[in-house]
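Let's take a friendly walk through a protein chain. Have a look at the sequence and the structure, and then we will visit a few places together.

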Amino acid sequence: MKKYTIYTVLFPNDTKIDIVIRSFNKTIFYHTFEEGYLIMNKTTILTNCLRSIGFIHLTLLISLPSQTFAFEGLPFATPESVGVSSHRLERLEESMQRYIDNEYLAGTVTLIARDGKIIHFKSQGWKSKENDEKMENDTLFVIMSMTKPIVSVALMMLYEEGRFLLTDPISDWIPEIVGKEVISQSNGKTLRIEAASPITFRDVLAHTAGVNPSRDALYPEEISLLDRKDTLEETILARAPLPLAFHPGETWQYGASTDYVALLVERISNQPLRDFLKERIFVPLKMDLSLIHISEPTRPERIADAGVCVKKK
């Protein structure tokens, strides 16, 4: 049984979780739900953000038990009571609805707080459009690319232990990628040239590694290497022959750099990524519902579909 300061999370067994929120030694909320998978306990993050920032707008990243409760020190209030226009807030709801109507998003949950008071909390659209399930304020979400800062923190923990320098080449730990070439354009021709420098730890952390070459510049046999394999390591090693989009450190490109960060964590720590994150980050920070992999049989009904809503032609 574990108790927390703002609210209490009790784990009576491995399949159910009881959440008790207490304020001034009085229980103000109680809820039981099945344990399945979450990438992050966003309730904890929301509480910390609201306390430190005082005003925050979260879209698609909230997992809250109910609109009817308030965190300790975070009651609901009217917008005008904290100097915010209700009329202007309506624009936010209209903006989210446009994303849904135009099929850019299946659904949204938005929350705004100011001066420690929640003044807007709205769910719109679908939790599962295919199953016609409406979005709810207590819907939970897979956080997708927000795993990047978590995995990057893991690698920096190893950096703090002196396991590597940021200027070290990652080939020290992933020798399979030695000898990378770079795609270069010259006189209308696409060439392959030797990389001016190796990919460093700093490059994969800062998205300056160039590991996302354009498909248009790849040979047909190389494009097939882009397919995901069963494991992260297998995926990266299969892509080892691919050229870089640019010389490491030359420019910024958002993409798969953090896949290499994750593999580095595994090889340097000699632990599977899920074990390292649980042991070194999730357990110490009490992110008890944070998991890497989804188990469909235990998938909670509150989880929103993770598919991408594609606008129809």
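## An exposed residue in a loop

Asn270 is exposed, with a relative accessible area of 71%. Here, buried means under 20% relative accessible area, exposed means over 50%, and partly exposed lies in between (1.4 Å probe, protein chains only). Asn270 sits in the loop between H7 and H8, and its phi is near 60°, a positive value in a residue other than glycine. Most residues other than glycine have a negative phi.

## About the model

This is a predicted model, in which local features need pLDDT of at least 70, side-chain atom pairs count only at pLDDT 80 or more, and totals for chains, interfaces and linings use all residues. Residues are numbered from 1 along each chain as its sequence is written, and side-chain values use heavy atoms, with hydrogens and water left out.

## The whole chain

The protein chain has 8 helices and 9 strands. Helices (H or I, at least four residues) and strands (E, at least two) are DSSP runs, numbered from the N terminus. Of the 313 residues in the chain, 44% count as buried.

Contact means heavy atoms within 4.5 Å. Among the contacts in the chain with a separation of 6 or more, 65% come from residues 24 or more positions apart. The chain exposes about 17,200 Å², and carbon and sulfur atoms supply 52% of that area (Shrake-Rupley method, 1.4 Å probe; for residues, only the protein chains shown count as cover).

## Helix H3 and its partners

Helix H3 covers residues 147-160, which makes 14 residues. From its first C-alpha to its last it reaches 20 Å, close to the 20 Å expected at 1.5 Å a residue (the expected span is 1.5 Å times one less than the number of residues). H3 is followed by Gly162, whose phi is positive, near 80°.

Which residues of H3 are buried? They are Lys148, Ile150, Val151, Ser152, Ala154, Leu155, Met157 and Leu158. These buried residues pack against helix H4 (201-206), helix H7 (257-269) and helix H8 (273-282).

## How H3 crosses H7

Two packed helices are described by the angle between their axes and the distance between the axes. The axes of H3 and H7 come within 9 Å and cross at roughly 40°. Axes are lines fitted to C-alpha atoms, for helices over the stretch in contact, and angles run from 0 to 180 degrees between N-to-C directions. The crossing of H3 and H7 is left-handed, a term used if the near helix is turned anticlockwise from the far one by less than a right angle (right-handed if clockwise).

On the H3 side, the contact is made by Lys148, Val151, Ser152, Ala154, Leu155 and Leu158. H7 brings Thr258, Val261, Ala262, Leu264, Val265, Ile268 and Ser269. The residues of this contact divide into 9 nonpolar, 3 polar and 1 charged (Ala, Val, Leu, Ile, Met, Phe, Trp, Tyr, Cys and Pro count as nonpolar, Asp, Glu, Lys and Arg as charged, and the others, Gly among them, as polar).

Is Thr200 buried or exposed? Thr200 counts as buried because its relative accessibility is 15%. Thr200 lies in the loop between strand S9 (189-194) and H4. Leaving aside neighbours within four places in sequence, Thr200 is in contact with Leu166, Thr167, Asp168, Pro169 and Ile170.

Asp115 is exposed, with a relative accessible area of 56%. Asp115 has its place in the loop between strand S5 (107-114) and strand S6 (117-128), and its phi is positive, near 55°.
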